[in-house]
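Biologist: I'm new to this one. Could you walk me through how to read it?

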Amino acid sequence: MARSDKVAAVDEIASRFRGASASVVTEYRGLSMTQLIALRRALGNDTTYRVAKNTLVKRAAEDAGVTGIESLLVGPTAIAFINGEPSEAAKAIRDFAKDNKALVIKGGYMDGRALTVAEVASLADLESREVLLAKLAGAMKANLSKAAGLFAAPASQVARLAQALADKRAEEGGEAPAAATDDSAAADDATEAPAAAES
């Protein structure tokens, strides 16, 4: 590879590192061209799967400020640069590796630090952002319904208490108070209820 080609390749890889939300480093030894094409399709449009020489990746990582992946750059290396949801791409790579033993996940990089194989597997186990947002929305809706019930409860309790007080006065032969026309009248009756109950 000519020097100008190497410089261009390093710049391109460094740019991909900078723009990626996460990267997964793999060894692809033994994968056929057909399998590599199938893997790229499985990863979708938000992920670029790039085969590269380790020396070029090391230089590009250094230029992009990516540290901690040097030990992963051994043997035939290909990197998945993920621009979309990291969990979805990690899941696609994990599933492909299960069916194609020649693909080996060596680690990755996300949020300014290197990832172990176990951390990439954990990333693959996460639900997508859309699913998590849907669950959060469902939980918030349920909590809002509970809150609405709690806010409505005091008003209905005051109304029942006022009616009970009126009924008790009527039974004792006293005059029933006029129907409350606003919340303040109902609240006044509610404050008298403990005194009436003690007598």
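**Helices and a strand**

Modeller: Let's start with a contact, meaning heavy atoms within 4.5 Å: Gln35, Ala38, Leu39, Ala42 and Leu43 in helix 2 meet Ala89, Ala92, Ile93 and Phe96 in helix 4. The residues of this contact divide into 8 nonpolar, 1 polar and no charged. Keep in mind that this is a predicted model, where local features need pLDDT of at least 70 and side-chain atom pairs count only at pLDDT 80 or more, while totals for chains, interfaces and linings use all residues. Residues are numbered from 1 along each chain as its sequence is written, and side-chain values use heavy atoms, leaving out hydrogens and water.

Biologist: At what angle do helix 2 and helix 4 pack?

Modeller: Angles run from 0 to 180 degrees between N-to-C directions, with axes fitted to C-alpha atoms, for helices over the stretch in contact. Here helix 2 (residues 33–43) and helix 4 (residues 86–99) pack at about 150°, axes 9 Å apart. That makes helix 2 roughly antiparallel to helix 4 (over 145 degrees).

Biologist: Which way do the side chains of strand 3 point?

Modeller: In a regular strand the side chains alternate between the two faces of the sheet. Thr77, Ile79 and Phe81 point one way from strand 3, and Ala78, Ala80 and Ile82 the other way. All of them are buried (under 20% relative accessible area, 1.4 Å probe, protein chains only).

Biologist: And which residue in strand 3 is the bridge partner of valine 25?

Modeller: Strands pair if DSSP finds at least two bridges between them. Strand 1 (residues 22–27) is joined to strand 3 by 6 bridges, running antiparallel, and valine 25 has isoleucine 79 as its partner.

Technical notes. Buried < 20%, exposed > 50% of the residue type's maximum accessible area, 1.4 Å probe, protein only. Helix = DSSP H or I, 4+ residues; strand = E, 2+ residues; numbered from the N terminus. Parallel < 35°, antiparallel > 145°, perpendicular 65-115°, else oblique. Nonpolar A, V, L, I, M, F, W, Y, C, P; charged D, E, K, R; others polar.
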